[in-house]
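Please have a look at the fold below.

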Amino acid sequence: MRIAVTGSIATDHLMTFPGRFADQLVADQLHTVSLSFLVDNLDVRRGGVGANIAFGMGVLGTQPILVGAVGSDFDDYRAWLDRHGVDTGSVRVSEVLHTARFVCTTDADHNQIGSFYTGAMSEARLIELKSVADRVGGLDLVSIGADDPEAMLRHTEECRSRSIPFAADFSQQIARMDGEEIRILLDGATYLFSNEYEKGLIESKTGWSEEEILSRVGHRVTTLGARGVRIDRAGQDPIVVGCAEEERKADPTGVGDAFRAGFLSGLAWGVGLERAAQVGCMLATLVIETVGTQEYTLRRNSFMDRFTKAYGDEAASEVRKHLS
């Protein structure tokens, strides 16, 4: 099953200031702030929802096709993704813009000053899915994640016009989208991903009830935080899957992306919705135990031992053969 993952590709540049921002601010001079902070640490992490999901699918062995736009500074990141089983042949490289970047400084009180540079991400709207499909011999599913809004709309319309099944996954972009845009992006989706808060926001912005949305999508996949995930289908009982037991909670960033990576990998394996959700929850557990969205290591024996403990022998027997 050939799955294309569209979405942002970015790097995070995270710095730590040992003092307090508040101590550097002069109350009657806030209209003319000019400050420079000498920081202690710089942590550069790979990120972007498209790349995070593709990385997770890659380590699970499902060879996803990453679709997005980057700058000429992408070489090292590309090599990392290639080594971890991601097809980066359809990533567009801008001739003039850098890869999207989040730059953030955190002080001793955990206050943050950050900037997000969209950069080459804006060129994702220029990517045609037909060229991607022609290169790889067709597409069975396209996951349309948070990206340049025009790119998300173009990919959705192209999937509909070419009868390619697609998954709608707005995540961070839902806050800036209006009801009409959201209605366009979800109508006809085979899968609609969101967390609980986003679920309510989708209904509020579109003006559609839960039942109306279920009549327009094949499956509604809602992540429930520590309670796992719920999959709803019109006229059928929901599927609810709990989380695997975590060994520690290091960093929640990227947990939702990891769930999607596991779930989409399960679909690629053909193991069914419940098993796919279980794989997603297990991979999400690995990410929450790790600082960074792509810094975890999937050790197959350990993964299957923990998966068996969480979901039982029958579930494990179906999944194990795909990880051998």
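Helices (H or I, at least four residues) and strands (E, at least two) are DSSP runs, numbered from the N terminus. This is a predicted model, in which local features need pLDDT of at least 70, side-chain atom pairs count only at pLDDT 80 or more, and totals for chains, interfaces and linings use all residues. Residues are numbered from 1 along each chain as its sequence is written, and side-chain values use heavy atoms, with hydrogens and water left out.

**Loop residues**

Most residues other than glycine have a negative phi. Q63 is not a glycine, yet its phi is positive, at about 50 degrees. Q63 sits in the loop between α1 (49-59) and β4 (65-67). S163 also has a positive phi, near 55 degrees, and is a residue other than glycine. Its loop runs between α4 (149-161) and β10 (166-168).

Is each residue buried or exposed? Buried means under 20% relative accessible area, exposed over 50%, and partly exposed in between (1.4 Å probe, protein chains only).

| Residue | Relative accessibility | Class |
|---|---|---|
| Q63 | 62% | exposed |
| S163 | 64% | exposed |

**The sheet**

Two strands pair if DSSP finds at least two bridges between them. Four strands form an open sheet in the order β3-β2-β7-β8, with mixed pairing. The edge strands, β3 (41-47) and β8 (112-117), each pair on one side only. Strand β2 (residues 10-16) pairs with β3 in the antiparallel sense, over seven bridges. Within β3, G47 is the bridge partner of A10.

**Helix pairs**

Axes are lines fitted to C-alpha atoms, for helices over the stretch in contact, and angles run from 0 to 180 degrees between N-to-C directions. Contact means heavy atoms within 4.5 Å.

Helix α9 (residues 273-288) and helix α11 (residues 313-323) have axes that come within 11 Å and cross at roughly 85 degrees. That makes α9 roughly perpendicular to α11. Angles under 35 degrees count as roughly parallel, over 145 as roughly antiparallel, 65 to 115 as roughly perpendicular and the rest as oblique. R275, Q278 and V279 in α9 meet E314, A315, E318 and V319 in α11.

α4 packs with helix α5 (residues 179-186) at an angle of about 40 degrees, and their axes are 9 Å apart. From α4, M152, L153, T156, E157 and R160 meet E181, I184 and L185 of α5.
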